[in-house]
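Here's a quick tour of a protein model, from one residue's surroundings to the overall picture. Have the viewer open as you read.

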Amino acid sequence: LQISSNPNNEAKLTDLTIIMGVPDDIEGESLVTQPAGGVWNDARRCVTWCVEELAEGEKFQLQARFQMAPGAPYEETGEKPLFPVLVRCQCLFAQLSDLELEIREIPEIYAADVTMKIARRFRLSHRERA
């Protein structure tokens, strides 16, 4: 897995948290990471890495190796296990090209007083197409 900071960013990315989900038929306890530092969470079935900062244009590479659980279907079917990845970070002066928000009450589900507060935070998710 390689995480890179856009060279056009005006500031470095800080407080990166990289979370990788692990399928049930993979033995999470067999985790070996390179570089060291990935932490296995059995309850959430995920590996978490924390990176202090990533400068403009800088790249961070990591590997996670596991053993398959007995009876895992991958060798028989040729299918590959999926490891979804989520990355969170802080960055001042990062920009999105477009963002639309709609905040409204839905009285038939739950009546509520609705207000809108805008903060300079956003979350991006990326999934590779199979």
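## A residue under cover

A residue counts as buried when its relative accessible area is under 20%. In this predicted model, Ser5 comes in at 4%, so Ser5 is buried.

Where does Ser5 sit? Look in the loop between strand S1 (2-4) and strand S2 (13-21). Setting aside neighbours within four places in sequence, Ser5 has contacts with Leu13 and with a run of others: Leu54, Ala55, Glu56, Gly57 and Glu58.

## A pair of rings

The aromatic pair count for this model is 1. The ring centres of Phe66 and Phe83 are 5.8 Å apart and their planes sit at 10 degrees, so this pair is stacked; the cut-off for stacking is under 30 degrees.

Phe66 belongs to strand S7 (residues 63-68), while Phe83 is in the loop between helix H1 (74-77) and strand S8 (85-90), so the pair ties together parts that are 17 residues apart in sequence. As for cover, Phe83 is partly exposed, with a relative accessible area of 28%.

## The whole chain

Zooming out, the protein has 1 helix and 8 strands. Reading from the N terminus, the order is β-β-β-β-β-β-β-α-β.

Among contacts with a separation of 6 or more, 75% join residues 24 or more positions apart. Buried residues make up 24% of the 130 in the protein.

Conventions. Residues are numbered from 1 along each chain as its sequence is written. This is a predicted model: local features need pLDDT of at least 70, side-chain atom pairs count only at pLDDT 80 or more; totals for chains, interfaces and linings use all residues. Side-chain values use heavy atoms; hydrogens and water are left out. Rings of Phe, Tyr and Trp (its six-membered ring) pair if their centres lie within 6.5 Å; planes under 30 degrees apart count as stacked, over 60 as edge-to-face and the rest as tilted. Helices (H or I, at least four residues) and strands (E, at least two) are DSSP runs, numbered from the N terminus. Buried means under 20% relative accessible area, exposed over 50%, partly exposed in between (1.4 Å probe, protein chains only). Contact means heavy atoms within 4.5 Å.
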